[in-house]
Amino acid sequence: MPNRPAADDVIQTLADLVRINSVNPNYDGGIPEAELARYVERYFERLEIETWRQDVYPDRPNVIARIPGRNSQRRIVLEAHLDTVSTAGMTIDPWKPEIREGRLYGRGACDTKGGMAAMMQAVARLACDGTPPECEVLFAATIDEEFSYRGVVALCNSLAPGVVDPFILAHEVPPRDPWQAEVAIVAEPTSLLPVIASKGVLRWKIETHGVAAHSSKPHLGVNAIVHMAHIIRAIEQDTLRLSQREHPLLGRATCNVGTVRGGVQVNFVPDRCEIEIDRRLLPSEEREAVLAHYQQLIDSVAATQSGMRVVMHPPMLSDRPLETDARTPAVQTLVAILDELGLPR
C-alpha cells in the first residue's frame, strides 16, 4: 500500500494542477481538458485506486475514482471540474503557481483546482488508511463546467440512469454502471460556508424578422431592430415583477438581456435582430412554466405591432434550481463538522 499523503502534498498537487492549461476550449486560448484528466488519472493509478474514464467528447473525458465502502449500498460523490475560464486580462503568468502571503495564485487555483486537490488528497488518505470507509466514495473530475456543464450532465445520467431531462440538448453518455448516491459535495469556492441552494438558469434566443429596404425609403421595409426594441422593453417591464418574491438564501430571480445583434449597415432597414437572454430561477420555479411565460409575453407584444414576426428559440442552456433541506442528515453532519473545526456556518 502506498504511503499516506502528507499535509504539504495538497499544496504540491494544487501547484501541479495549476501548471496545466485547461481553459475551456469554447474560450479564447482554450484546449481540451485531456492533459489535466491524464494527470488526475495517473495520480490515482499510482495509489492503486480504481480509476476509469467517462468519455464525453473527443479528448474531453471525465475521470472517476472509487474507494469501496463497508456498505456498498451507500455512496458519497466528491466532484470538481477540470476546466477553467479564459486567461484574458490576467496580469500574472497563469500557469506558474506562486505562493504569496499564504495563498497560491494561478489560473484555476480557486475555481476549482484548489477544491480538486483537497478532494484528491482526501480520497488518497482514505485509500492509504487501509480501513474501508463506512460508505463508498466516488471522486469525479468533470469537463466543461465553465461553458455548458456537459461533463456533470454525463455524471448525473450515470448516477440516475433512465432519468431523461427534456432540457438537455447536447450529446449524452451512457452510464458505465447504474449508480445511486445519497450525498454529493461540489468543490465550488464558498469560503468553506455550506451552500445548500443554487439558482437555476435558462439561456435562449429571441429573433425578430422584418423586411429589408434602403434607408432612403424605409416605408418599404419592416425594421426588425425597432420591433426588437418593443420586445426588450416588455421584458424589462416584466422583470420588475421578479422583485415581488425573494428566496431567503438566494435573493430574487433575475432576467438579463445580454446580447443584441442586428442589421447589416447603417443605410439598410434591418430585416433581422436577435437577442440572448439569461434568466436565473429560484427553487420554486419550473423551467417549462418560465419559458411558457416569456412565449406568452412576446406573443402579446407581437399582437400589438403591425408586421412583427418573432421567434423564440429553444434554450441553449438549461439548469434546474437546487435546494437541499437544511434538516437533512447530510447537511446536519456538514454543519457539525464545521462547528468542530471552529469554522463559520
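Me: Which residues line the largest cavity?
Reply: R241, L242, R245, A253 and L282 line the largest cavity. A cavity here is a set of points on a 1 Å grid over the protein atoms alone where a 1.4 Å probe fits but cannot get out, and lining residues have an atom within 4 Å of a point. The model is predicted: local features need pLDDT of at least 70 and side-chain atom pairs pLDDT 80 or more, while totals for chains, interfaces and linings use all residues. Residues are numbered from 1 along each chain as its sequence is written, and side-chain values use heavy atoms, with hydrogens and water left out.

Me: What volume does the largest cavity have, and how many cavities are counted?
Reply: The largest cavity has a volume of about 40 Å³, the volume being the space filled by probe spheres set on grid points joined across faces, edges and corners. The count is one cavity of 30 Å³ or more.

Me: How does the lining divide by class?
Reply: It has three nonpolar, no polar and two charged residues. Ala, Val, Leu, Ile, Met, Phe, Trp, Tyr, Cys and Pro count as nonpolar, Asp, Glu, Lys and Arg as charged, and the others, Gly among them, as polar.

Me: On to helices. At what angle do α1 and α3 pack?
Reply: Helix α1 (residues 9–18) and helix α3 (residues 109–129) pack at about 135°, with axes 9 Å apart. Helices are DSSP runs of H or I of at least four residues, and strands are E runs of at least two, numbered from the N terminus. Axes are lines fitted to C-alpha atoms over the stretch in contact, with angles from 0 to 180 degrees between N-to-C directions. α1 and α3 are therefore oblique to each other (under 35 degrees is roughly parallel, over 145 roughly antiparallel, 65 to 115 roughly perpendicular, and the rest oblique).

Me: Which residues of α1 and α3 meet?
Reply: From α1, D9, V10, T13, L14, L17 and V18 meet A109, K113, G114, M116, A117, A118, M120 and Q121 of α3, contact being heavy atoms within 4.5 Å. These residues divide into nine nonpolar, three polar and two charged.

Me: And α2 with α3, at what angle?
Reply: Helix α2 (residues 34–46) packs on α3 at about 20°, with the axes 11 Å apart. That makes α2 roughly parallel to α3. The α2 side of the contact is L36, Y39, V40, Y43 and F44, and the α3 side is K113, M116, M120, Q121, V123 and A124. By class, there are nine nonpolar, one polar and one charged.

Me: That leaves α1 and α2. How do they cross?
Reply: The axes of α1 and α2 come within 10 Å and cross at roughly 155°, so the two helices are roughly antiparallel to each other. T13, D16 and L17 of α1 make the contact with L36, Y39, V40 and Y43 of α2.

Me: Backbone now. Which residues does the cis peptide bond join?
Reply: D111 and T112, with omega about -5°. T112 is in helix α3.

Me: Which residue has a positive phi although it is not a glycine?
Reply: Y149, at about 45°. Y149 is in the loop between β6 (135–142) and α4 (150–159).

Notes:
1 Å grid on protein atoms, 1.4 Å probe; cavity = no way out; pocket = protein on both sides within 12 Å on 5 of 7 lines; lining within 4 Å.
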